[in-house]
Amino acid sequence: YGPKLEYSPKQQFNTLWLWSSDLLTQETISDTLVYNKDDEWGYVLFPSNNEHSVSPFDLPAAVFWLITRYEEYIIEKKDEHNRFHPHGSWLYQQGLLNTPIVNVWINKFISLLKANFPNLSITFPSYKLVSTIDVDNLFACKGKPFLKTIFTFYKALFYHRSDLAIEGLRYYLSKSPDPYDNYDFIIQTHNDFGIKPIFFILTSERTKYDRNHSPKHSLFKKTVTSLAQQCEIGLHLSYYSTEKQSFAKEKDTLEKIIEKPVQKNRFHFLHFQLPLSYQMLLKTNINEDYSMLYSLIDGFRSGTCTPYYFFDLENNVPTRLKIFTPPFMDKHILKAENAIEMSNHYIDIVKKYHGTLVLLWHNETLTLTGNKRNIYRHIIQHATL
């Protein structure tokens, strides 16, 4: 009656057998990671010593462990913003972050299935591109008190952003648009390649890390409304949104301005806590999150280039929240001398494994001076080929 695969701790039937560990039957979170390096598969999680298993490890458990971010529940290594530190990641420690290892394993397993069941038909998803823009600040100078723009210049010089300081000065001399007013360029670039970007808008009141215009400001409302008429808008939940439990307030503020429902989110500073932040997204009727990457280094944080649904380990339940995983962000890749080569690597590997490439840029990155716009356009062009 067709192909059969047995998945169990001990083989009981005369059919293709995949050994299982006990990870997927556990109802509590425990530090149970075991791994080794296999000659054929490379690094694997939850290895088996039984040569009769179709793979030398518990593949479903390994995939589950990575995409649920199991390690982030049990490892306490944090960075200065209390985010999970990439150096605590098993993928980082094995030098696997720049490879979607989950997709590699699954493709190899599919090849084994086809070898055993030649008539088996498996359809892969199509490669997709999702281009996103974080709007931490609508404008650098426009609509802000002069003293605040002085702080912006100081910050630009401190972080070696001479391009921003020069463009800010030109703005005040009425010889250039506001340095962050790059929306026409962004939208036109996407139009040239037949796609539309998603703008994630920060709507909270000002804090130490959240410095956008107030959503009550007429310029904020005018600009965001204009963007919503041309592109999709997502929520950029603020740095302290989890601590302050302000999800509903920030979402409601944005929805009232654009007069549309908002169902996508990315956390500002990628500042979120598992599972609490994701549980709160679900309560706020957010269905997609785009925060699953590292700000400090590039790579596939969950080991995959394919979107997946958040599994709440704390409550041991699946959810409807879909997780998208950008492999890099602009502020990291632009520091590299080989930015084009790095971006090409990720674009090509996501295409190879039929994944979804999520690009993450900021409007404030794409100033007029320097080569950043050319790099950005190249990335979009290569990603849409």
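## Pockets, cavities and selected elements of a predicted model

Helix α10 (residues 247-258) gives the most to the lining of the second largest pocket, with 4 residues. Residues are numbered from 1 along each chain as its sequence is written. This is a predicted model, in which local features need pLDDT of at least 70, side-chain atom pairs count only at pLDDT 80 or more, and totals for chains, interfaces and linings use all residues; side-chain values use heavy atoms, with hydrogens and water left out. Helices (H or I, at least four residues) and strands (E, at least two) are DSSP runs, numbered from the N terminus.

By class, its lining has 3 nonpolar, 6 polar and 7 charged residues. Here Ala, Val, Leu, Ile, Met, Phe, Trp, Tyr, Cys and Pro count as nonpolar, Asp, Glu, Lys and Arg as charged, and the others, Gly among them, as polar.

Both kinds of space are found on a 1 Å grid over the protein atoms alone. A cavity is a set of points where a 1.4 Å probe fits but cannot get out, and a pocket is an open set with protein on both sides within 12 Å along at least five of seven lines; lining residues have an atom within 4 Å of a point. Grid points are joined across faces, edges and corners, and a volume is the space filled by probe spheres set on the points.

The count comes to 2 cavities of 30 Å³ or more. The table sets out their volumes and the classes of their linings.

| Cavity | Volume | Lining by class |
|---|---|---|
| Largest cavity | about 60 Å³ | 6 nonpolar, 1 polar and 3 charged residues |
| Second largest cavity | about 40 Å³ | 8 nonpolar, 1 polar and 1 charged residues |

The largest cavity is lined by D79, R83, F84, P86, L270, L293, Y294, S295, L296 and R301. Around the second largest cavity are I67, T68, R69, L274, Y278, M292, Y308, F310, F311 and I323. Strand β10 supplies the largest share of this second lining, 3 residues.

**The loop between β8 and α11**

L270, one of the residues that line the largest cavity, lies in the loop between β8 and α11. L270 has a positive phi of about 50° although it is not a glycine. With a relative accessible area of 6%, L270 is buried. Buried means under 20% relative accessible area, exposed over 50%, and partly exposed in between (1.4 Å probe, protein chains only).

P275 also has its place in the loop between β8 (264-265) and α11 (276-283). A cis peptide bond, with omega about 0°, joins L274 and P275. L274 is among the residues lining the second largest cavity.

Two strands pair if DSSP finds at least two bridges between them. Strand β9 (residues 288-289) pairs with strand β11 (residues 317-323) in the parallel sense over 2 bridges, and D289 stands opposite I323 in β11. Strand β10 (residues 308-312) runs antiparallel to β11, and 4 bridges join them. Y309 stands opposite K322 in β11.

The hairpin of β10 and β11 has 4 residues between the strands. N316, in the loop between β10 and β11, has a phi near 55°, a positive value in a residue other than glycine. N316 is partly exposed, with a relative accessible area of 34%.

F311 is found in strand β10 and is buried, with a relative accessible area of 18%. Contact means heavy atoms within 4.5 Å. Not counting residues up to four places away in sequence, F311 touches F64, T68, Y73, N316, V317 and P318. The C-alpha atoms of F311 and L321, 10 residues apart along the chain, are separated by 8.5 Å.

D134 lies in strand β5 (residues 128-135) and is buried, with a relative accessible area of 3%. Leaving out residues up to four places away in sequence, D134 touches F200, H236, R266, L360, W361, H362 and N363.

Strand β5 is also included in what covers the buried residues of α14, as are α6 (162-172), α7 (183-192), α13 (339-352) and β12 (356-362). Those buried residues are K372, R373, I375, Y376, I379, I380, H382 and A383. An α-helix has 3.6 residues a turn, so residues three or four places apart point the same way.

The expected span of a helix is 1.5 Å times one less than its number of residues. At 1.5 Å a residue, the 13 residues of α14 (residues 372-384) should span 18 Å, which agrees with its end C-alpha atoms being 18 Å apart.
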